[in-house]
Amino acid sequence: MSEVRYTDQHEWIRLDGDEATVGITKYAAESLGDVVFVELPASGKAVAAGGEAAVVESVKAASDIYAPAGGTVTLANSALESAPSKVNEDPEGEGWFFKLKLSNKDEFAKLMDAAAYAKFLESL
Amino acid sequence: MRYLPLTTDDRRAMLAKIGAPDVDALFRDVPNSAVVPLSAFNLPDTQGEMEVDRGMSKMAARNVAAGAAPFFCGAGAYKHHVPSAVDHLIQRSEFLTSYTPYQPEIAQGTLQYLFEFQTQVALLTGMEVANASLYDGSTATAEAVLMAQRITKRGKAILSGGLHPHYAETVETVAGLFGPVERTKVTPGSAEDIIALIDEQTACVVVQSPDVFGLIRNLRPIAEAAHAKGALLIAVVTEIVSLGLLEPPGAQGADIVAAEGQSIGNGLNFGGPYVGLFATREKFLRQMPGRLCGETVDAEGRRGFVLTLSTREQHIRREKATSNICTNSGLCTLAFTIHLSLLGEDGLTRLARLNHAKASALADKLAALPGVELVTGAFFNEFTVKLPKAAAPVVDALAKKGVIAGVPASRLLPREKSAEGLLILAATETNTDEDFDALVAALKEAI
Amino acid sequence: MSMNNQGRPSSIDKGSAGEAFPASIATISGDRGLDHEEALIFELGHGATGVDLPDVQISEARLGGSRRSGAIGLPGLSEPEVIRHYVRLSRKNYAIDSGLYPLGSCTMKHNPRLNEKMARLPGFGDLHPLAPQSTTQGALEVISALMNWLTTLTGMPAVAMSPKAGAHGELCGLLAIRAAIAARGENRKRILVPESAHGTNPATAAFAGFTVDEVPAKPNGRVDAEALKAKLGPDVAAIMLTNPNTCGLFEGEIVDIAKAVHEAGAYFYCDGANFNAIAGKVRPGDLGIDAMHINLHKTFSTPHGGGGPGAGPVVLSERLAAYAPIPLLVASADGLRLIEDAADAPEGARPFGRMCAFHGQMGMFTRALTYMLSHGRDGVRQASEDAVLSANYILASLKDVMSAPFGDGPCMHEALFDDSFLEGTGVTTLDFAKAMIDEGYHPMTMYFPLVVHGAMLIEPTESESKHSLDRFIHVLHTLATEAKAKKTERFAGAPHLAPRRRLDETAAARKPVLRWKPDPLKAAAE
């Protein structure tokens with residue numbers, strides 16, 4: 001049973017057992033515009049909660065993607081390197097960025113759930 | 001004032017529309033104390049075109065133009081013949097008075113020539129990709145070192161002693177902030193042992209060929225040694241015409257080529273504006289500084305060009321940009337690309353051979369003078385000779401006789417005792433036999 | 001009857017005009033009247049040459065075994081073909097000489113042709129940077145005269161001439177600040193930059209090894225002086241402020257800010273991109289500024305040339321003057337003299353290094369000095385006033401239909417609008433700007449500054465007549481009125497009438513094609 005949480009920087013994180021998958025939300029993908037390039041973290045890279053983990057670029061914008069929770073990168077979605085459009089087409093599915101082994105699940109638990117994130121979006 | 005279209009009546013009518021009593025009311029946010037009267041500026045008033053022309057021409061007449069004397073200066077800037085068509089074309093209003101091509105629908109002219117320019121630079125240097133130019137060769141070299149530091153995540157840069165000293169100082173000033181910059185010993189006319197200095201902390205080795213003394217360097221072994229230690233080879237070319245005759249750096253294993261493009265299409269201009277050429281391997285594309293033009297299609301499927309990959313640049317990445325550079329050398333790239341189009345393959349190779357033949361002939365004549373020793377064995381159109389006395393006063397003495405004899409090495413390396421007797425001379429297609437005779441006669445007398 | 005007795009149709013009313021020739025019909029050539037399609041130079045080459053050079057043979061003896069083995073791959077064309085190629089390309093460009101160019105923050109003013117002529121005098125254009133200094137005294141005199149103009153207009157004691165563009169000047173200024181801080185034995189790493197700043201400011205700060213701390217703007221478009229003061233501290237090296245700022249507004253609290261910055265031991269860098277609004281009227285030195293670059297290609301009208309070359313001399317205060325980079329220009333007994341080595345610097349000078357080879361953008365210096373001598377101090381002042389007057393005229397004439405985010409106050413040399421007037425119309429800032437292309441205008445600066453939503457920044461400069469401004473205002477007023485009435489056909493997919501429709505920038509970035517390559521099939525056939 002997987003759970004999804006969200007950050008106020010518009011990343012989503014889905015936890016399956018010990019491993020979490022991270023991507024950017026539909027809202028973020030839409031505001032960036034057509035994604036043309038992603039820079040992914042190497043496997044084994046340690047990231048802190050809120051630390052820079054990846055980069056996403058559209059034609060006129062570039063954003064850092066922060067790790068929603070701390071841990072070690074176990075896998076990056078290398079399919080995005082040749083097909084960055086997946087981030088626009090399926091941001092919360094095939095357009096995921098990287099997988100993390102979390103070092104502290106409490107950090108995950110503190111993030112917004114879907115309802116809270118929806119409310120957060122309304123407040124923007 | 002002839003450049004200002006508004007009349008007094010216009011200004012009055014516009015102020016009325018705005019609802020302001022006078023123009024000073026529009027400056028109301030400026031603290032009163034900060035607005036100064038015209039008399040605060042001890043400067044002249046408006047002048048007509050004729051008066052300005054007269055004043056400027058008077059200053060110009062106090063200089064000795066390269067074309068007005070037997071002339072042999074090089075060392076990073078070269079006197080070449082630029083076909084008349086070049087200057088005519090770059091002065092077309094649509095090129096001269098347009099902005100950076102941010103609106104591609106109405107800037108295809110600029111964009112297409114940039115695309116052609118990038119292709120020409122990649123071909124000449126033997127590299128995979130080139131950008132739309134940087135300020136000049138020296139700043140391009142500094143940018144190349146910074147790029148190597150980013151790619152390798154190492155700090156140290158090793159500069160060949162044959163790198164133009166102004167280039168070396170520019171690199172030290174900028175890249176020195178991010179890691180140690182070491183210069184090898186200066187060895188005029190021979191290659192220093194730079195390979196021994198490359199270690200696991202080295203981001204890059206920077207080697208100029210032909211070097212500042214004119215020596216053609218073999219880059220292959222240096223590239224191999226650098227790559228073996230995970231470092232990059234940056235090749236610097238200050239005389240781009242040389243690539244019409246010499247093996248390009250790309251074929252010798254260079255990872256980045258930083259070059260000065262002044263020799264093609266651009267005048268001497270007392271040092272600027274020039275055009276920095278910058279080329280690299282495709283795998284380093286994302287780390288490359290500067291503007292890039294790319295091919296695409298428009299809404300009707302027609303081929304067109306746009307500035308692209310601009311997320312590397314300052315206006316989007318801001319403090320995370322690959323460089324703070326916000327321009328290219330637009331009109332100088334245009335001059336370069338037009339001149340190179342006129343030359344073509346055949347013209348450039350002929351020009352390069354002619355330059356080498358001229359320089360060889362001059363080297364023979366000078367080496368035959370008693371006390372003069374040719375220091376540079378392998379060269380393109382520039383070489384160094386050792387005079388029996390200090391070169392700087394000899395150059396000054398010859399200048400008084402109307403011969404501009406070259407660049408004394410001491411001007412570039414004032415702290416280097418061994419440079420004192422060295423004179424760096426360039427000969428190009430513009431030099432005649434009469435020039436050579438004048439130089440030889442004057443030099444004979446001076447030494 | 002004799003001679004020419006065959007008449008030709010000469011009226012356009014009946015018959016001779018024929019049926020309308022719809023724009024959608026493809027021509028045989030692909031060209032459309034004066035609008036020619038033009039192939040790449042590589043596709044046009046056919047082994048001709050545009051120069052006549054002797055075919056000399058050379059020996060290999062002095063080439064060190066480094067002779068090129070393969071061909072380069074350059075196309076060969078004759079002179080007429082080359083000229084036609086570039087003339088055709090030129091006609092696809094918008095230019096100031098052909099129309100109003102309202103790019104805010106870029107200052108597209110008239111480029112006098114006398115400046116071009118002066119830069120090409122052989123004594124300047126054909127002068128080698130390392131020729132003996134006794135033969136270059138006139139060039140040094142130009143530099144010296146320009147330095148005098150720049151220091152006098154800015155009220156600053158010193159100027160570094162070598163930076164090659166605005167961003168290069170910023171770097172020069174920050175490196176001087178870095179050197180001054182180091183000389184005090186301090187280590188200050190933080191630079192405060194307002195969020196409305198040009199992108200070059202934070203990029204330069206990072207480039208010079210500093211960290212960037214953003215300062216928010218106030219609702220009136222000015223920097224939040226209180227927030228800025230609160231951020232000052234012993235680790236702050238400098239602030240970088242643009243004044244007039246990128247919203248086209250004067251930072252009225254600048255003197256206070258400068259005082260606070262100096263009290264905190266930091267330096268005040270001013271981005272001089274907008275000096276053209278105040279030149280000849282306000283001296284930055286009087287405002288407490290320590291360093292400011294001057295874009296000669298903006299304020300002093302050296303041509304933009306499709307994106308350079310520029311020039312960015314930096315004026316320096318007493319506190320920074322000693323750290324100016326080499327080369328330095330000094331007066332000596334035998335005339336003007338360039339100091340090209342730090343060790344030869346006069347007493348007290350401690351140059352931080354060198355910005356580039358040689359002495360800076362001489363070709364731009366001659367043009368800028370020609371501009372200054374033509375205008376004179378009175379003309380420079382009048383140009384600033386006219387630039388501000390024209391921008392305010394546009395603001396006053398359009399604010400009833402477009403939305404000015406910062407209220408009713410006057411602007412400086414550029415008028416800023418946001419996209420709130422387009423709300424609910426389906427028309428975006430981009431559509432609005434692209435529709436201007438069909439009307440014969442270059443768009444204004446869009447989506448900058450970032451502090452305003454859908455920003456449209458209009459800078460008319462002093463070079464436009466009232467007639468030209470009125471026509472421009474009429475077009476924008478009508479466009480805005482139509483957009484608000486949801487008459488959107490002019491906007492959807494605009495431009496329609498330019499040499500190209502909108503270009504696919506996404507495709508360009510996803511699969512970059514950055515150079516021409518020979519068609520492999522064709523190459524194989526040959």
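In this predicted model, the side chains of B:Arg350 and B:Asp346 form a salt bridge with an N to O distance of 3.3 Å. The two residues stand four apart in helix α10 of chain B, which means that about one helical turn separates them. Helix α10 of chain B, residues 330-367, is also the element that gives the most to the side of chain B that touches chain C, with 24 residues. Over all chains, the structure holds 61 salt bridges.

- B:Arg350 has a relative accessible area of 22% and is partly exposed.
- B:Asp346 also counts as partly exposed, at 36% relative accessibility.
- A residue counts as buried under 20% relative accessible area and as exposed over 50%, so B:Arg350, at 22%, is classed as partly exposed.

**A salt bridge between a loop and a helix of chain B**

- B:Lys401 and B:Glu445 meet through their side chains in a salt bridge of 2.8 Å, N to O.
- B:Lys401 belongs to the loop between α11 (391-400) and β12 (407-408) of chain B, whereas B:Glu445 belongs to helix α13 (residues 433-446) of chain B; the pair therefore ties together parts that are 44 residues apart in sequence.
- B:Lys401 is partly exposed, with 48% relative accessible area, while B:Glu445 is exposed, with 61%.

**A salt bridge between two loops of chain C**

- The side chains of C:Asp290 and C:Arg319 make a salt bridge at 3.0 Å, N to O.
- C:Asp290 is found in the loop between β5 (267-271) and β6 (291-293) of chain C, and C:Arg319 in the loop between β7 (314-316) and β8 (328-332) of chain C, so this pair ties together parts that are 29 residues apart in sequence.
- C:Asp290 counts as buried, at 2% relative accessibility, whereas C:Arg319 is partly exposed, with a relative accessible area of 32%.
- Elsewhere, B:Asp24, C:Lys281, C:Arg381 and C:Glu385 are joined into one network by salt bridges that share partners.

**The interface of chain B and chain C**

- Chain B brings 193 residues to this contact and chain C brings 202 residues.
- About 17100 Å² is buried between chain B and chain C, and carbon and sulfur atoms give 62% of that area.
- The count of salt bridges between chain B and chain C is 19.
- By class, the side of chain B that touches chain C consists of 100 nonpolar, 54 polar and 39 charged residues.

**The interface of chain A and chain B**

- Here 11 residues of chain A are in contact with six residues of chain B.
- The two chains bury about 670 Å² between them, and 44% of this area is on carbon and sulfur atoms.
- The rule finds one salt bridge across the interface of chain A and chain B, in which the side chains of B:Arg286 and A:Glu57 meet at 3.1 Å, N to O.
- The interface of chain A and chain B also has one residue pair in polar contact, with both residues at pLDDT 80 or more.
- On the side of chain A that touches chain B, at least two residues each come from β4 (35-39), β6 (52-58) and β7 (62-66) of chain A.
- Among these strands, β6(A) supplies the largest share of that side, four residues.
- The side of chain A that touches chain B contains six nonpolar, one polar and four charged residues.

**Helix α5 of chain C**

- Helix α5 of chain C runs over residues 137-154; at 1.5 Å a residue its 18 residues should span 26 Å, and this agrees with its end C-alpha atoms, which are 26 Å apart.
- Of the 18 residues of α5(C), 14 are buried, so the helix is largely enclosed by the rest of the structure.
- C:Gly155 follows α5(C) and has a positive phi, near 65°.

Conventions:
Residues are numbered from 1 along each chain as its sequence is written. Chains are lettered from A and ligands numbered from 1 in the order in which they are written. This is a predicted model: local features need pLDDT of at least 70, side-chain atom pairs count only at pLDDT 80 or more; totals for chains, interfaces and linings use all residues. Side-chain values use heavy atoms; hydrogens and water are left out. Contact means heavy atoms within 4.5 Å. Buried area is the accessible area (1.4 Å probe) that two parts lose on being put together, summed over both. A salt bridge is a side-chain nitrogen of Lys or Arg within 4 Å of a carboxyl oxygen of Asp or Glu. A polar contact is a pair of N or O atoms within 3.5 Å; within protein, one must be able to donate a hydrogen and the other to accept it, and residues adjacent in sequence count only if both atoms are side-chain atoms. Ala, Val, Leu, Ile, Met, Phe, Trp, Tyr, Cys and Pro count as nonpolar, Asp, Glu, Lys and Arg as charged, and the others, Gly among them, as polar. The expected span of a helix is 1.5 Å times one less than its number of residues. Buried means under 20% relative accessible area, exposed over 50%, partly exposed in between (1.4 Å probe, protein chains only).
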